[in-house]
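Visitor: I'd like a close look at one part: the site around the ligand. Please keep it to the contacts and the surroundings.

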Amino acid sequence: MAREFKQETMKYDIVVLGAGVIGLSTAINIQTCLPNRHVVIIADKFTTETTSNGAAGIFRPTLEKTPAKSLEQFRKWCTDSFDWYHHLNTDHDPSKTGVLRLSGYQFTDGKIKPPFHHNIGYHFRDLTERELKSFPGDQKCGWMMSTLMVECRRYLPWLTDLFLSRGGRIENRTVSSIEEFAGKCSLLVTCCGLNAVKLLNDQEMFPVRGHLIRVKAPWVKHLYVWNSGNNYIYAGQDDVVLGGTRHEGAYDTSHNEQWFNDILTKCEKILPGIKNAEVVSKWTGLRPHRTFVRLEPEIMSFRGKKLQVVHNYGHGANGVALSWGCGKEAAQIVKDLTISKL
Ligand SMILES: Cc1cc2nc3c(=O)[nH]c(=O)nc-3n(C[C@H](O)[C@H](O)[C@H](O)COP(=O)(O)OP(=O)(O)OC[C@H]3O[C@@H](n4cnc5c(N)ncnc54)[C@H](O)[C@@H]3O)c2cc1C
Ligand SMILES: *[C@@H]1O[C@H](CO)[C@@H](O)[C@H](O)[C@H]1NC(C)=O
(Lines give C-alpha, C1' and ligand atoms only; values in the text may rest on other atoms or scores of the structure.)
(Ligands and ions follow the chains in the order given, each with its own letter.)
Protein backbone atom coordinates (compact mmCIF):
# COMPACT_ATOMS: atom_id res chain seq x y z
CA MET A 1 0.00 0.00 0.00
CA ALA A 2 1.34 3.37 -0.94
CA ARG A 3 1.56 5.89 1.82
CA GLU A 4 -0.80 8.82 1.29
CA PHE A 5 1.05 12.12 1.26
CA LYS A 6 0.33 14.44 4.14
CA GLN A 7 -2.36 16.65 2.70
CA GLU A 8 -2.10 19.30 5.45
CA THR A 9 1.60 20.12 5.11
CA MET A 10 2.32 18.98 1.57
CA LYS A 11 0.82 20.86 -1.31
CA TYR A 12 1.72 18.14 -3.82
CA ASP A 13 2.63 14.47 -3.96
CA ILE A 14 4.75 13.87 -7.10
CA VAL A 15 5.46 16.90 -9.28
CA VAL A 16 6.69 16.64 -12.86
CA LEU A 17 8.04 19.94 -14.09
CA GLY A 18 7.57 20.20 -17.86
CA ALA A 19 4.91 19.22 -20.39
CA GLY A 20 7.10 18.53 -23.41
CA VAL A 21 7.45 15.00 -24.74
CA ILE A 22 9.84 14.16 -21.86
CA GLY A 23 7.58 15.48 -19.07
CA LEU A 24 4.43 13.81 -20.40
CA SER A 25 6.18 10.46 -21.00
CA THR A 26 7.73 10.55 -17.53
CA ALA A 27 4.47 11.46 -15.81
CA ILE A 28 2.57 8.63 -17.50
CA ASN A 29 5.28 6.09 -16.65
CA ILE A 30 5.13 7.21 -13.01
CA GLN A 31 1.35 6.67 -13.05
CA THR A 32 1.99 3.14 -14.33
CA CYS A 33 4.67 2.36 -11.71
CA LEU A 34 2.85 4.00 -8.80
CA PRO A 35 -0.90 3.87 -9.55
CA ASN A 36 -1.89 5.04 -6.05
CA ARG A 37 0.12 8.25 -6.11
CA HIS A 38 -0.99 11.70 -7.23
CA VAL A 39 0.99 13.08 -10.16
CA VAL A 40 0.78 16.72 -11.17
CA ILE A 41 2.46 18.29 -14.20
CA ILE A 42 3.47 21.93 -13.82
CA ALA A 43 4.53 23.81 -16.95
CA ASP A 44 4.22 27.14 -18.69
CA LYS A 45 4.29 25.78 -22.24
CA PHE A 46 1.96 23.14 -23.63
CA THR A 47 1.54 21.19 -26.88
CA THR A 48 2.08 23.67 -29.75
CA GLU A 49 4.22 26.02 -27.61
CA THR A 50 6.88 23.41 -26.77
CA THR A 51 10.11 22.50 -28.56
CA SER A 52 8.82 18.94 -28.77
CA ASN A 53 5.91 20.06 -30.93
CA GLY A 54 8.18 21.49 -33.60
CA ALA A 55 10.60 18.55 -33.83
CA ALA A 56 10.66 16.39 -36.93
CA GLY A 57 10.18 13.43 -34.59
CA ILE A 58 12.07 10.80 -36.53
CA PHE A 59 13.44 7.73 -34.74
CA ARG A 60 17.10 7.85 -35.83
CA PRO A 61 18.95 8.18 -32.51
CA THR A 62 22.71 8.56 -32.63
CA LEU A 63 24.97 8.37 -29.61
CA GLU A 64 27.13 11.27 -30.89
CA LYS A 65 24.23 13.69 -30.83
CA THR A 66 22.69 12.53 -27.54
CA PRO A 67 25.35 10.96 -25.38
CA ALA A 68 24.43 8.60 -22.58
CA LYS A 69 26.89 7.38 -19.96
CA SER A 70 26.87 3.81 -21.24
CA LEU A 71 26.02 2.03 -24.47
CA GLU A 72 23.78 -0.39 -22.58
CA GLN A 73 21.74 2.45 -21.13
CA PHE A 74 21.43 4.17 -24.50
CA ARG A 75 20.36 0.93 -26.17
CA LYS A 76 17.69 0.40 -23.51
CA TRP A 77 16.29 3.92 -24.02
CA CYS A 78 16.19 3.24 -27.77
CA THR A 79 14.59 -0.19 -27.66
CA ASP A 80 12.02 0.70 -24.96
CA SER A 81 11.01 3.76 -27.01
CA PHE A 82 10.90 1.91 -30.31
CA ASP A 83 8.75 -0.88 -28.84
CA TRP A 84 6.29 1.67 -27.46
CA TYR A 85 6.09 3.58 -30.74
CA HIS A 86 5.67 0.33 -32.65
CA HIS A 87 2.72 -0.43 -30.35
CA LEU A 88 1.22 3.04 -30.98
CA ASN A 89 1.58 2.55 -34.72
CA THR A 90 0.22 -1.01 -34.79
CA ASP A 91 -2.36 -1.37 -32.01
CA HIS A 92 -3.66 2.22 -32.00
CA ASP A 93 -4.94 4.68 -34.58
CA PRO A 94 -1.88 6.48 -36.01
CA SER A 95 -4.06 9.42 -37.04
CA LYS A 96 -4.48 9.96 -33.26
CA THR A 97 -1.11 8.83 -31.89
CA GLY A 98 0.87 10.45 -34.70
CA VAL A 99 3.24 7.49 -35.05
CA LEU A 100 4.02 6.48 -38.66
CA ARG A 101 6.17 3.84 -40.25
CA LEU A 102 8.54 5.48 -42.70
CA SER A 103 11.08 4.01 -45.10
CA GLY A 104 13.71 5.57 -47.27
CA TYR A 105 17.27 6.49 -47.99
CA GLN A 106 20.31 7.88 -46.25
CA PHE A 107 23.28 8.97 -48.36
CA THR A 108 26.82 9.01 -47.04
CA ASP A 109 30.01 10.44 -48.55
CA GLY A 110 31.94 7.21 -48.18
CA LYS A 111 31.51 3.77 -46.75
CA ILE A 112 31.05 4.37 -43.03
CA LYS A 113 29.99 2.35 -40.00
CA PRO A 114 26.19 1.92 -39.80
CA PRO A 115 24.55 4.20 -37.20
CA PHE A 116 23.67 3.01 -33.70
CA HIS A 117 19.99 2.47 -34.53
CA HIS A 118 20.64 0.15 -37.51
CA ASN A 119 19.59 -3.00 -35.63
CA ILE A 120 16.78 -1.35 -33.65
CA GLY A 121 14.50 -0.07 -36.42
CA TYR A 122 12.60 -2.42 -38.73
CA HIS A 123 15.02 -2.66 -41.57
CA PHE A 124 18.49 -1.52 -42.57
CA ARG A 125 20.78 -2.43 -45.46
CA ASP A 126 23.30 -0.95 -47.91
CA LEU A 127 21.98 0.68 -51.06
CA THR A 128 22.81 -1.00 -54.35
CA GLU A 129 24.58 0.74 -57.24
CA ARG A 130 21.32 0.75 -59.16
CA GLU A 131 19.48 2.46 -56.31
CA LEU A 132 22.24 5.05 -55.85
CA LYS A 133 22.07 5.94 -59.55
CA SER A 134 18.32 6.51 -59.35
CA PHE A 135 18.87 9.81 -57.48
CA PRO A 136 20.08 13.18 -58.73
CA GLY A 137 23.62 14.15 -57.86
CA ASP A 138 26.47 11.75 -57.49
CA GLN A 139 25.38 9.54 -54.59
CA LYS A 140 28.29 7.31 -53.67
CA CYS A 141 27.12 5.21 -50.73
CA GLY A 142 24.15 4.89 -48.46
CA TRP A 143 21.53 2.84 -46.71
CA MET A 144 17.91 1.88 -47.06
CA MET A 145 16.01 1.89 -43.78
CA SER A 146 12.55 1.51 -42.25
CA THR A 147 11.86 3.27 -38.98
CA LEU A 148 9.15 5.23 -37.13
CA MET A 149 8.29 8.90 -37.09
CA VAL A 150 6.42 10.53 -34.22
CA GLU A 151 4.37 13.59 -35.12
CA CYS A 152 4.19 15.49 -31.86
CA ARG A 153 1.35 17.67 -33.09
CA ARG A 154 -0.81 14.57 -32.62
CA TYR A 155 1.26 12.68 -30.06
CA LEU A 156 1.41 15.39 -27.34
CA PRO A 157 -2.40 15.87 -27.16
CA TRP A 158 -2.78 12.07 -27.16
CA LEU A 159 -0.34 11.74 -24.24
CA THR A 160 -2.04 14.61 -22.40
CA ASP A 161 -5.42 12.86 -22.67
CA LEU A 162 -3.89 9.61 -21.40
CA PHE A 163 -2.33 11.39 -18.42
CA LEU A 164 -5.61 13.15 -17.52
CA SER A 165 -7.70 9.99 -17.99
CA ARG A 166 -5.58 8.31 -15.30
CA GLY A 167 -6.34 11.06 -12.82
CA GLY A 168 -3.33 13.28 -13.51
CA ARG A 169 -3.57 17.03 -12.89
CA ILE A 170 -2.02 19.88 -14.85
CA GLU A 171 -1.02 23.34 -13.60
CA ASN A 172 -0.22 26.11 -16.04
CA ARG A 173 2.33 28.47 -14.50
CA THR A 174 5.97 29.47 -14.54
CA VAL A 175 8.16 28.14 -11.74
CA SER A 176 10.73 30.78 -10.83
CA SER A 177 12.70 28.64 -8.38
CA ILE A 178 12.41 24.97 -7.47
CA GLU A 179 13.00 25.99 -3.86
CA GLU A 180 9.23 26.44 -3.64
CA PHE A 181 8.88 22.63 -3.67
CA ALA A 182 11.11 21.96 -0.67
CA GLY A 183 8.81 20.59 2.03
CA LYS A 184 5.84 20.99 -0.32
CA CYS A 185 5.99 17.76 -2.35
CA SER A 186 7.22 14.21 -1.83
CA LEU A 187 9.30 14.26 -5.01
CA LEU A 188 10.08 16.57 -7.94
CA VAL A 189 10.99 15.38 -11.43
CA THR A 190 12.67 17.98 -13.63
CA CYS A 191 11.78 17.65 -17.32
CA CYS A 192 12.40 21.30 -18.12
CA GLY A 193 14.52 20.90 -21.28
CA LEU A 194 16.88 23.73 -22.10
CA ASN A 195 15.50 25.85 -19.27
CA ALA A 196 17.64 23.77 -16.87
CA VAL A 197 20.30 26.39 -17.65
CA LYS A 198 18.30 28.97 -15.69
CA LEU A 199 16.27 26.87 -13.32
CA LEU A 200 19.02 24.49 -12.16
CA ASN A 201 22.02 26.59 -13.12
CA ASP A 202 23.22 23.65 -15.23
CA GLN A 203 26.32 24.86 -17.06
CA GLU A 204 26.61 21.62 -19.06
CA MET A 205 23.49 22.50 -21.06
CA PHE A 206 23.71 24.32 -24.39
CA PRO A 207 21.36 24.98 -27.28
CA VAL A 208 21.83 23.65 -30.79
CA ARG A 209 19.53 25.75 -32.90
CA GLY A 210 17.66 24.15 -35.78
CA HIS A 211 15.33 25.26 -38.57
CA LEU A 212 12.57 23.26 -40.26
CA ILE A 213 10.18 23.91 -43.11
CA ARG A 214 6.90 22.07 -43.56
CA VAL A 215 5.58 21.91 -47.13
CA LYS A 216 2.59 20.42 -48.92
CA ALA A 217 3.99 17.67 -51.14
CA PRO A 218 1.73 14.63 -50.82
CA TRP A 219 3.70 12.89 -53.55
CA VAL A 220 6.66 12.46 -51.19
CA LYS A 221 6.32 9.03 -49.55
CA HIS A 222 9.81 8.35 -48.21
CA LEU A 223 12.52 9.65 -45.95
CA TYR A 224 15.76 11.10 -47.32
CA VAL A 225 18.77 11.88 -45.13
CA TRP A 226 22.16 13.20 -46.24
CA ASN A 227 25.02 15.58 -45.32
CA SER A 228 26.03 13.49 -42.27
CA GLY A 229 22.42 13.33 -41.15
CA ASN A 230 22.05 17.10 -40.98
CA ASN A 231 19.76 17.45 -43.99
CA TYR A 232 16.56 15.50 -44.34
CA ILE A 233 13.15 15.16 -45.94
CA TYR A 234 10.50 13.23 -44.00
CA ALA A 235 7.01 12.47 -45.32
CA GLY A 236 4.42 13.08 -42.58
CA GLN A 237 0.63 12.61 -42.57
CA ASP A 238 -0.31 16.19 -43.44
CA ASP A 239 2.91 17.64 -44.77
CA VAL A 240 6.55 16.98 -45.52
CA VAL A 241 9.31 18.12 -43.16
CA LEU A 242 12.45 19.66 -44.68
CA GLY A 243 15.55 20.24 -42.59
CA GLY A 244 17.78 21.30 -41.21
CA THR A 245 20.47 23.30 -39.53
CA ARG A 246 22.65 22.82 -36.44
CA HIS A 247 23.94 25.99 -34.80
CA GLU A 248 25.75 25.18 -31.59
CA GLY A 249 25.39 27.78 -28.85
CA ALA A 250 22.90 29.96 -30.76
CA TYR A 251 19.95 31.16 -28.64
CA ASP A 252 18.41 33.61 -31.11
CA THR A 253 15.20 32.14 -32.50
CA SER A 254 14.10 35.21 -34.45
CA HIS A 255 13.12 34.51 -38.06
CA ASN A 256 16.07 34.51 -40.45
CA GLU A 257 15.19 33.78 -44.08
CA GLN A 258 18.77 32.84 -44.91
CA TRP A 259 18.59 29.51 -43.07
CA PHE A 260 15.26 28.55 -44.61
CA ASN A 261 16.50 29.34 -48.12
CA ASP A 262 19.55 27.23 -47.42
CA ILE A 263 17.35 24.25 -46.48
CA LEU A 264 15.14 24.65 -49.57
CA THR A 265 18.14 24.84 -51.90
CA LYS A 266 19.63 21.68 -50.43
CA CYS A 267 16.36 19.73 -50.49
CA GLU A 268 15.64 20.72 -54.10
CA LYS A 269 18.88 19.06 -55.11
CA ILE A 270 17.62 15.71 -53.82
CA LEU A 271 13.95 16.12 -54.84
CA PRO A 272 13.67 18.84 -57.52
CA GLY A 273 9.85 18.80 -57.36
CA ILE A 274 10.04 20.44 -53.91
CA LYS A 275 10.58 23.77 -55.74
CA ASN A 276 6.86 24.03 -56.46
CA ALA A 277 5.61 22.80 -53.08
CA GLU A 278 3.52 25.21 -51.01
CA VAL A 279 5.26 26.20 -47.77
CA VAL A 280 3.00 25.50 -44.78
CA SER A 281 5.25 26.71 -41.95
CA LYS A 282 8.79 27.64 -40.99
CA TRP A 283 10.07 26.92 -37.50
CA THR A 284 13.15 27.68 -35.44
CA GLY A 285 13.80 25.61 -32.32
CA LEU A 286 16.53 24.97 -29.77
CA ARG A 287 17.68 21.42 -29.14
CA PRO A 288 18.35 20.95 -25.41
CA HIS A 289 21.87 19.52 -25.62
CA ARG A 290 24.06 18.46 -22.71
CA THR A 291 27.41 16.71 -22.24
CA PHE A 292 25.38 13.70 -21.08
CA VAL A 293 21.61 13.31 -20.82
CA ARG A 294 20.84 14.00 -17.17
CA LEU A 295 18.77 11.12 -15.86
CA GLU A 296 19.56 10.66 -12.17
CA PRO A 297 18.30 11.35 -8.65
CA GLU A 298 19.62 14.15 -6.46
CA ILE A 299 18.82 15.25 -2.93
CA MET A 300 18.78 19.04 -2.89
CA SER A 301 18.69 21.18 0.18
CA PHE A 302 17.17 24.65 0.62
CA ARG A 303 17.65 26.40 3.97
CA GLY A 304 17.73 23.08 5.77
CA LYS A 305 14.72 21.71 3.90
CA LYS A 306 15.42 18.63 1.80
CA LEU A 307 13.99 18.12 -1.66
CA GLN A 308 14.13 14.74 -3.37
CA VAL A 309 14.63 15.33 -7.11
CA VAL A 310 14.88 13.08 -10.17
CA HIS A 311 16.30 14.82 -13.25
CA ASN A 312 15.35 13.92 -16.81
CA TYR A 313 16.53 16.50 -19.33
CA GLY A 314 19.18 17.30 -21.94
CA HIS A 315 18.05 14.95 -24.74
CA GLY A 316 19.53 17.07 -27.51
CA ALA A 317 18.65 16.06 -31.05
CA ASN A 318 16.80 12.91 -30.00
CA GLY A 319 14.33 13.82 -27.30
CA VAL A 320 11.32 12.50 -29.17
CA ALA A 321 13.03 9.26 -30.15
CA LEU A 322 14.25 8.55 -26.59
CA SER A 323 11.41 10.02 -24.55
CA TRP A 324 9.52 6.85 -23.67
CA GLY A 325 12.60 4.85 -22.66
CA CYS A 326 13.93 7.74 -20.58
CA GLY A 327 10.51 8.31 -19.01
CA LYS A 328 10.40 4.64 -18.09
CA GLU A 329 13.84 4.74 -16.45
CA ALA A 330 13.01 7.96 -14.58
CA ALA A 331 9.77 6.40 -13.30
CA GLN A 332 11.70 3.36 -12.07
CA ILE A 333 14.05 5.64 -10.12
CA VAL A 334 11.04 7.46 -8.66
CA LYS A 335 9.48 4.14 -7.67
CA ASP A 336 12.69 2.87 -6.03
CA LEU A 337 13.05 6.08 -4.02
CA THR A 338 9.39 6.13 -3.03
CA ILE A 339 9.22 2.49 -1.97
CA SER A 340 12.48 2.63 0.01
CA LYS A 341 11.03 5.48 2.09
CA LEU A 342 8.02 3.46 3.27
C1 LIG B 1 14.85 21.61 -35.49
C2 LIG B 1 14.70 20.47 -34.53
C3 LIG B 1 14.44 19.19 -35.03
C4 LIG B 1 14.33 18.11 -34.16
N5 LIG B 1 14.08 16.87 -34.67
C6 LIG B 1 14.02 15.79 -33.85
C7 LIG B 1 13.78 14.49 -34.39
O8 LIG B 1 13.61 14.31 -35.59
N9 LIG B 1 13.75 13.44 -33.51
C10 LIG B 1 13.92 13.60 -32.17
O11 LIG B 1 13.89 12.63 -31.44
N12 LIG B 1 14.13 14.84 -31.64
C13 LIG B 1 14.20 15.93 -32.45
N14 LIG B 1 14.43 17.19 -31.92
C15 LIG B 1 14.77 17.30 -30.49
C16 LIG B 1 13.53 17.40 -29.60
O17 LIG B 1 12.73 18.46 -30.05
C18 LIG B 1 13.94 17.64 -28.14
O19 LIG B 1 14.98 16.78 -27.72
C20 LIG B 1 12.73 17.42 -27.22
O21 LIG B 1 11.62 18.13 -27.71
C22 LIG B 1 13.02 17.82 -25.78
O23 LIG B 1 11.84 17.65 -25.05
P24 LIG B 1 11.63 18.25 -23.59
O25 LIG B 1 10.33 17.75 -23.11
O26 LIG B 1 12.86 18.00 -22.80
O27 LIG B 1 11.61 19.85 -23.81
P28 LIG B 1 10.45 20.88 -24.23
O29 LIG B 1 9.59 20.35 -25.32
O30 LIG B 1 11.18 22.15 -24.49
O31 LIG B 1 9.57 21.03 -22.92
C32 LIG B 1 10.03 21.69 -21.76
C33 LIG B 1 8.89 21.87 -20.81
O34 LIG B 1 9.39 22.40 -19.58
C35 LIG B 1 8.57 23.47 -19.16
N36 LIG B 1 9.34 24.38 -18.34
C37 LIG B 1 10.66 24.66 -18.41
N38 LIG B 1 10.99 25.56 -17.48
C39 LIG B 1 9.87 25.88 -16.79
C40 LIG B 1 9.56 26.75 -15.69
N41 LIG B 1 10.49 27.50 -15.11
N42 LIG B 1 8.28 26.81 -15.24
C43 LIG B 1 7.31 26.05 -15.82
N44 LIG B 1 7.57 25.20 -16.85
C45 LIG B 1 8.80 25.12 -17.33
C46 LIG B 1 8.09 24.10 -20.46
O47 LIG B 1 6.93 24.89 -20.22
C48 LIG B 1 7.82 22.86 -21.29
O49 LIG B 1 6.53 22.37 -21.01
C50 LIG B 1 14.50 18.30 -32.77
C51 LIG B 1 14.71 19.59 -32.27
C52 LIG B 1 14.81 20.68 -33.13
C53 LIG B 1 15.04 22.03 -32.58
C1 LIG C 1 -1.46 29.02 -19.85
O2 LIG C 1 -1.58 30.35 -19.37
C3 LIG C 1 -1.26 31.37 -20.32
C4 LIG C 1 -1.35 32.73 -19.68
O5 LIG C 1 -1.22 32.70 -18.31
C6 LIG C 1 -2.20 31.27 -21.49
O7 LIG C 1 -1.83 32.24 -22.47
C8 LIG C 1 -2.16 29.87 -22.10
O9 LIG C 1 -3.13 29.75 -23.13
C10 LIG C 1 -2.42 28.82 -21.03
N11 LIG C 1 -2.24 27.50 -21.62
C12 LIG C 1 -3.12 26.52 -21.46
C13 LIG C 1 -2.81 25.23 -22.18
O14 LIG C 1 -4.13 26.60 -20.81
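Visitor: How far from an oxygen atom of ligand 1 does a backbone N or O atom of Ala-321 lie?

Guide: The distance is 2.7 Å, from a backbone N or O atom of Ala-321 to a ligand 1 oxygen. That is within the cut-off for a polar contact (N or O atoms within 3.5 Å). Ile-58 also uses its backbone: an N or O atom there is 3.0 Å from an oxygen of ligand 1. Asp-44 uses its side chain, where an N or O atom sits 2.6 Å from a ligand oxygen. Cover comes next: ligand 1 alone exposes 1000 Å², and the protein buries 96% of it (Shrake-Rupley, 1.4 Å probe).

This is a predicted model: local features need pLDDT of at least 70, side-chain atom pairs need 80 or more, and totals for chains, interfaces and linings take every residue. Side-chain values use heavy atoms, without hydrogens or water, and residues count from 1 along each chain, with chains lettered from A and ligands numbered from 1 as written.

Now the shell. It holds 38 residues (a heavy atom within 4 Å). Asp-44, Lys-45, Ser-52, Gly-316 and Ala-321 come nearest. By type, the shell has 20 nonpolar, 14 polar and 4 charged residues (Asp, Glu, Lys and Arg are charged; Gly counts as polar).

Definitions and conventions. Polar contact = N/O pair within 3.5 Å; in protein donor to acceptor, adjacent residues only side chain to side chain.
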